[in-house]
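Please consult the sequence and the structure alongside the points below.

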Amino acid sequence: MTQELTCTEQAYIKLEHLCITRIYDRYDDDDLSEAYRRMEKELAAIKKKETAPLFIVVYEALCGVVAKREKFSLRGDTGSSVVAYLLDISEIDPVRIRPRLYSEFCFGLNGEENLSIEINVTRKLYRKLVKYFEHYNGDARIRYKHFTSGIVHGVGISDPQVLLRDYYDDNELFFSFLEISGQVFELFKPLTFEDQVKCRGLSVEGNGVWEGNAEELAKSGEIALGDLIAHREDVFEFMLNHGIEREKAYQISEDIRRGRIKRNGWDAETIVLLYNAGIPEWYLKSCEKISYVFPRAHSMIEIQHYGGLVAENSSDRIAIS
């Protein structure tokens with residue numbers, strides 16, 4: 001007797017098929033090998049964490065409402081995912097884009113990270129998606145969140161086979177666009193895409209990245225824009241370029257991203273490693289001031305997509321986790 005597949009297993013089979021059939025159309029011989037390697041690593045992480053339904057629910061919803069590319073944009077680290085790019089959930093090609101993106105920051109070094117997919121949408125598309133989920137008859141569980149005024153704020157989606165806790169019971173999520181302008185942009189006057197992305201990351205307020213930190217370093221004239229910490233990937237690459245092995249560089253960048261170094265300081269083993277690697281004192285002090293740092297993919301998407309969403313004055317968000 002053949003055992004019936006769970007909805008998670010069915011979703012993974014569909015996801016794998018979509019990715020494999022599309023990758024050959026997206027990449028030529030020069031990039032196919034790297035793209036395929038990253039896709040296989042991501043699919044293995046998705047299978048391990050049983051999160052294929054999250055990708056499929058998002059993919060089918062966007063297809064179901066015939067969402068135009070300029071009307072939505074992905075948030076956060078998922079923009080560094082080849083799988084998200086192959087499904088047209090993300091407009092960022094993480095294999096070819098520069099500055100570089102790393103799938104480790106979406107899935108973890110060994111596929112251990114919990115995944116969420118969050119998308120900014122225009123108000124018109126948001127209403128279509130809400131209506132879509134009102135008539136949704138799939139296997140995922142749908143919950144609505146509201147402002148106190150009763151206006152629908154977001155749609156939370158989870159597969160009961162995947163997630164054991166209801167994320168949105170504990171977290172109200174809000175999002176509004178920030179100007180791609182201001183002090184950082186005026187100071188550096190970035191012309192290249194890479195420099196614009198860096199400035200976007202530096203422009204985030206209240207996380208210890210700019211005020212009293214990179215701002216002082218920049219105004220001293222001694223530190224170049226490219227060396228300042230704006231994203232978690234900046235720390236990761238800085239460590240790799242100083243000869244620190246990949247797993248340790250990843251852990252350090254995670255500690256900086258989550259503000260652990262600001263709260264607890266460096267442990268004795270790590271600080272010796274950093275000094276021996278030649279990490280300069282100013283860089284260590286900069287790390288110690290950061291309470292949180294955004295992923296590079298998030299800034300890339302905002303820079304690329306800013307105009308299209310603002311045209312409809314959108315601050316709505318649909319979040320799938």
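How many helices and strands are there in the protein chain? The model, which is predicted, has 16 helices and 5 strands in its protein chain. The structure also holds 21 salt bridges, and a selection of these is described below.

**Overall architecture**

- The protein chain has 321 residues, and 52% of them count as buried.
- Among contacts between residues at least 6 apart in sequence, 73% join residues at least 24 apart.
- The protein chain has an accessible surface of about 15500 Å², and carbon and sulfur atoms account for 49% of that area.

- Side chains of opposite charge can pair when their charged atoms come close.
- The side chains of Arg-296 and Glu-237 form a salt bridge with an N to O distance of 3.0 Å.
- This pair links distant parts of the chain, with Arg-296 in helix H16 (residues 296-310) and Glu-237 in helix H11 (residues 232-241); the two residues are 59 residues apart.
- Both Arg-296 and Glu-237 are buried.

- Lys-285 is joined to Glu-288 by a salt bridge, in which the closest N and O atoms are 3.9 Å apart.
- Helix H15 (residues 281-288) contains both Lys-285 and Glu-288, which are 3 residues apart, or about one turn of the helix.
- Lys-285 counts as partly exposed because its relative accessibility is 41%, a value between the limits of 20% and 50%.
- Glu-288 also counts as partly exposed, because its relative accessibility is 27%.

**A network of salt bridges**

- Which residues are linked with Asp-77 in a network of salt bridges? Arg-232, Glu-254, Arg-257 and Arg-258 are linked with Asp-77 in this network.
- Is Glu-254 buried or exposed? Glu-254 counts as buried because its relative accessibility is 4%, and the cut-off for a buried residue is under 20%.

- The bridge between helices H16 and H11 joins two buried residues, Arg-296 and Glu-237.

Methods: Residues numbered from 1 in each chain as written. Predicted model: local features only at pLDDT ≥ 70, side-chain atom pairs only at ≥ 80, totals over all residues. Heavy atoms only, no water. Salt bridge = Lys/Arg side-chain N within 4 Å of Asp/Glu carboxyl O. Helix = DSSP H or I, 4+ residues; strand = E, 2+ residues; numbered from the N terminus. Buried < 20%, exposed > 50% of the residue type's maximum accessible area, 1.4 Å probe, protein only. Contact = heavy atoms within 4.5 Å. Areas by Shrake-Rupley, 256 points an atom, 1.4 Å probe, with all protein chains shown as cover.
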